[in-house]
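Please examine the structure shown below. The paragraphs that follow take up its domains, its chain contacts and its nonpolar core in turn.

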Amino acid sequence: MTYSIVGKSVPRVDGPDKVTGKARFATEEGIGLPGMLYGKVLHSPYAHARILSIDITRAERLPGVVKVLTSKDVPAIRVGAYFLHDRYLFCRHTVRFIGDPVAAVAADTVETAEEALDLIKVEYEELPAIFDPEEAMKPDCPVVIHPDLASYDRPTYKYLGEDLPGPNVHTRFRIRKGNVAEGFAQADLIVENRYAAKRVVQGMLEPYNAVVSVGSDGIITVWACAHCMYNRIQYIVSKILDVPRSRIRVRSAYVGGNFGSGERASRYAAVLAMKTGKPVKLVFTREEVFIDGFNRLPQIIYIRDGVKRDGTLLAREVRVIANSGAYSDYTPLILRNGMFCFSMYRTPNFKLDAYCVYTNEPTSGAMRGLGNEQPINAMEQQIDILAEKLGLDAVAIRQQNLITEGEEDIRGEITHSIGVGECLDKVAHWISWGESSREPITSDWKVGKGLALGNKYSQIDTAAAAYVKVHMDGTVELRHGSDEVGQGANTVLAQIVAEQFKVPMEKVRVTWGDTDLTAYDFGAGSSGTTFKTGNALVRACEDAKRQMFALAAPRLGADPAELETKDGKIYVKYFPEREIPVSDLFIPSAPGAMGTLMLATCLPQGGEILGKGTWFGKPSTENVATGQGKKLTAFYGYTAQAAEVAVDTQTGIVKILRFASAFDMGQPINPKLCEGQMEGGMVMGIGTALWEQMIMDKGRVLNPNFLDYQMPPLSSIPSGEKAASFIASALHQEGPYGAKGVGEAAMTAATPAIANAVYNAIGVRLMHTPFNPEEILKALQEKEG
Amino acid sequence: MKQVLNLRVNGLHKQLYVEPYWTLDKTLREELGLMGVKTGCATGACGTCTVIVDGRAIRSCLFPALRAEGRDILTIEGLQGEDGGLHPLQQAFIDHFAFQCGYCTPAMILTAKALLDENPEATEQEIKEYLSGNLCRCTGYVKIVEAVLDARDKMKQGSRE
């Protein structure tokens, strides 16, 4: 089906703002605000310690300091994400990681606030700490990080906290399908391996920051680099201040990237603003974002696969141990949902046990995905290993085992809209799969090719609501509560509205980033804004059109069902010459009456043409013992990625020579934006595969800055004809115009594709990310014995 | 104690009073309201604070404000095309979708301008190397390279006409 604006790469609506420096981010808010204070947080220097005393008197006496807060000044409320409330705003008796907040200061300048932190004297008694999740999960682990875990509040997903095998395990998730013992008994080949993924950081360039002010009416306004205004910011601030959500207005303009990192500044700015009565701005340093953010959940994955000689996958058994760090935040959900990746292959017998374990490391979280790229690395290297051992082709074995439309996956869900096979064909063709790589550059450099698949479900138990207002001149204004984190939400949503009203993009206005003006939205998570907010908007458009047609029908002498709109006009479907401009609706029904001019911009009835719409996910029940259910996801996006690499066997350096991605996001609303997601995913994938890791030493991050933590620079990545992006759409019956989502899955296959290419080049398997020169040389030495 | 600072910013003479420890990024943002100057890491590693000082792209987060005495500063707010509209680099960034979140974009555009002023014939490889000090976490850089190449060609054409 062809559309006038959907499916077209119209320019981004935020272009003029972003290329001229006019785009406002939360970091710009508050500058120049009279009386504004600056906040700073004091972090624990110990990985695990008891707090014996805190002396704030010297800090309080420092000129310019307005407030010093510790746990004594705030209610003893534990908060967290929706799953497990395990964290106080300020540590009360115990610090659990290097970086755990102990106190906060508000002062007239940032420098004074920083100086005051040095004057706070905290006496600690160091406790034994634990950093290895496999040690921490043992039932008899001598270090217990949350002795009161059993009494903590679990507002949702309570079953994830049942039947825990050790005192530091906070989440357990199971999937059971068929009988793996029988499956393995029938297998001709069984392959078992251990994979691991290190702690990495999202690396968004805008650091966590917020400005909070409290009005004389008690309304708390939070400006934040908000990812999920309602879901994360408003929810947490409401909990820690014990103020209803109706009193909290969250504002957020453009967000300088997020990638699942959430936000940590607003809660401290909020409590400082409440206690001082002044606006407070709080910006995390880059080091603070590293140590007190929510970096990607490290996972250890044991995987055992049984196949028939012809390549048919019979049984798969998976055990995952994830390192949650000192607190849980989103990790219960990350652990559960990350495992949905295994639904990509038809697996009659499947068993999975996943555990999330507390350690005395920084708190873990999501990064461009929800714990899925780590198991995908395992899954997609396994299938290459199986193919090689069976003498089968790596593309063919995947195509043979991929789940297809209408089949039941490992969780009992009937799958729909699966374009992954087409993605695979596209990248395999581009990289000339089956033909060997070109000659090595020198004798030390070896060249190889690899490919892999990836996927990402979208969370179903969420919702989005949106407004559409039709203005008198025919301009259609959409109001959404999702986030413009750079993905192009405003552009895509404006395209959907332009398509609905058959108006050019210039006639669509976007209002966002303010909970007073928009309706509830889950936020830009789970690759879901196009699907969820988009669906809500389609319904809001239909509602607005219904209102518009009801007003127009008597004037056009037609039934509302016979009306259509285009270019700011309303017309009768089969007699398009019978039309009136939208502005006519705003003229009172009794022209010539007194006061006509004053009424001229108002509708005669109904107030405004204001359409409202909601998308609400409708999950089925889930069997908590087996993880089985009929409807557990909103949709799956799929990718295939292929890499050609050169490896220097002398230094262990890997160069990416060529890279391709293909993606099934359903109907692409704006293909160029989809390409941008694939390219961004490629580079983030290359970085996390080859270089990126937070280097940890007994709970301390040794490289909490962009000099020592290496994100990919431009010189290291393929561009021009060396990088390719393809779209392979499998339309989704519930998506707006058949759209699904793109974003998270865009990096999921990069790591195994590169690992498979390195294997192809030098014959060594790298199962622990990142595949840095050290790992590669070590593996080469082991191979040579 | 604050000291006087005289400089030219986006073509206008400015006199300011700044603390000796203030950096140029903070001064431009907070004293002159030039919010297109961003701070990403404050250690000179990410490049989002790049501005042009006397024709050279510098990291304003490491540049003491007082060192700007008598110098000529260009921020994104002062960048424009010959007709007063968008500069070819700005237009190319829009045309090629060469930004996403936009946080690194002002610095990326200014760094590319410094390069093309210095070397109007810059090759793809030279562009990639010159811009390597500016991190972008969203775009994957591919479209940034396309945009700079396109702007380079249009600027060459423009200077011939």
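In this predicted model, chain B is divided into domain 1, covering residues 3–77, and domain 2, covering residues 88–160. Taken over C-alpha atoms, the centres of domain 1 of chain B and domain 2 of chain B are separated by 21 Å. To the contact between them, domain 1 of chain B contributes 15 residues and domain 2 of chain B contributes 13 residues. On the side of domain 1 of chain B that touches domain 2 of chain B, the elements giving two or more residues are strand 3 (50–53) and strand 4 (56–59) of chain B. Strand 3 of chain B gives the most to this side, with three residues. By class, the residues on this side of domain 1 of chain B comprise eight nonpolar, five polar and two charged.

The next contact is that between the chains. Here, 42 residues of chain B are in contact with 44 residues of chain A. On the side of chain B that touches chain A, two or more residues come from each of helix 1 (24–31), helix 2 (88–95), helix 3 (105–118), helix 4 (124–130) and helix 5 (142–160) of chain B. This side of chain B has 22 nonpolar, twelve polar and eight charged residues.

The nonpolar core remains to be described. The largest nonpolar core holds 317 residues, of which A:Val497, A:Ile754 and A:Val758 touch the most other members. Which residues does A:Ile754 touch, not counting those up to four places away in sequence? With that exclusion, A:Ile754 touches A:Gly450, A:Ala643, A:Val645, A:Ile686, A:Ala689, A:Leu690 and A:Phe771.

How values were computed:
Residues are numbered from 1 along each chain as its sequence is written. Chains are lettered from A and ligands numbered from 1 in the order in which they are written. This is a predicted model: local features need pLDDT of at least 70, side-chain atom pairs count only at pLDDT 80 or more; totals for chains, interfaces and linings use all residues. Two residues are in contact if their C-beta atoms, placed from the backbone, lie within 7 Å. Helices (H or I, at least four residues) and strands (E, at least two) are DSSP runs, numbered from the N terminus. Ala, Val, Leu, Ile, Met, Phe, Trp, Tyr, Cys and Pro count as nonpolar, Asp, Glu, Lys and Arg as charged, and the others, Gly among them, as polar. A nonpolar core is a set of buried Ala, Val, Leu, Ile, Met, Phe, Trp, Tyr and Cys residues joined through C-beta atoms within 7 Å. A residue is buried if 20 or more other C-beta atoms lie within 10 Å of its own, exposed if 12 or fewer, and partly exposed in between; C-beta atoms are placed from the backbone. Domain bounds come from an automatic or database domain assignment.
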